[in-house]
Amino acid sequence: MTGIARLFMLTAVICALGGMVWGIQMSASQDHLLSPAHGHLNLLGWVSCAIYAFYYHLVPGADYGALPRLHLAAALLSLGLLVPGIPLAIQERTEMLAQAGSLAALVSMLLFGVFVLRSRPDKAAYAPQQ
């Protein structure tokens, strides 16, 4: 795995590890107040970024050009804003970061939708041996 796919997978692994440690900390302390932020870290960070990584790895040509880099930037921005923004919103300090992070996550998914629609590989990345 190279290029954008590798960067998405590295992001996914870092988010998975962070989510696991955070979940263990919440369990040990019996304080689950920030579980919505933990959930977003796992779903947007681990799951979505891993799916993006596999897609870019398996679909030849999908990672060319500037748009995949913009997709990565939007995904990273969404994580950087949402994960701290949700606790701030829960604590009723500000909702601005969570709102901006939500918009960045929407942009990230819209960009991914563009890649899925425009990438029509000539052959499958995986073909079973006969």
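In this predicted model, F8 is buried, with a relative accessible area of 0%. The residue belongs to the largest nonpolar core, which holds 28 residues; F8, W22, Y55 and Y56 touch the most other members of that core. Each of four helices supplies at least two residues to this core: α1 (3–29), α2 (35–58), α3 (67–90) and α4 (96–118).

**Aromatic pairs**

The count of aromatic pairs comes to 6. In one of them, the ring centres of F8 and Y56 lie 5.7 Å apart and the planes meet at 10°, so the pair is stacked. This pair links distant parts of the chain, since F8 is in helix α1 and Y56 is in helix α2, 48 residues apart. A second pair joins Y55 and Y56: the centres are 6.1 Å apart and the planes stand at 75°, so the arrangement is edge-to-face. In general, two values describe a pair of aromatic rings, namely the distance of the centres and the angle of the planes.

F8, Y55 and Y56 also belong to one aromatic cluster, together with Y52, F112 and F115.

Y56 is in contact with I4, A5, F8, A62, D63, P68, H71 and F115, when its neighbours within four places in sequence are left aside.

**Burial of selected residues**

| Residue | Relative accessible area |
|---|---|
| F8 | 0% |
| Y56 | 3% |
| T11 | 13% |
| Y55 | 16% |

T11 lies in helix α1. Leaving aside its neighbours within four places in sequence, T11 is in contact with G45, C49, L76 and L79.

**Helix α4**

The buried residues of α4 are A98, G101, A104, A105, S108, L111, F112 and F115. Against which helices do the buried residues of α4 pack? They pack against α2 and α3. An α-helix has 3.6 residues a turn, so residues three or four places apart point the same way. Two of the buried residues of α4, F112 and F115, are also members of the aromatic cluster that includes F8 and Y56.

Key
Residues numbered from 1 in each chain as written. Predicted model: local features only at pLDDT ≥ 70, side-chain atom pairs only at ≥ 80, totals over all residues. Heavy atoms only, no water. Core = buried A, V, L, I, M, F, W, Y, C linked by side-chain atoms within 4.5 Å. Buried < 20%, exposed > 50% of the residue type's maximum accessible area, 1.4 Å probe, protein only. Contact = heavy atoms within 4.5 Å. Phe/Tyr/Trp six-rings, centres within 6.5 Å; stacked < 30°, edge-to-face > 60°.
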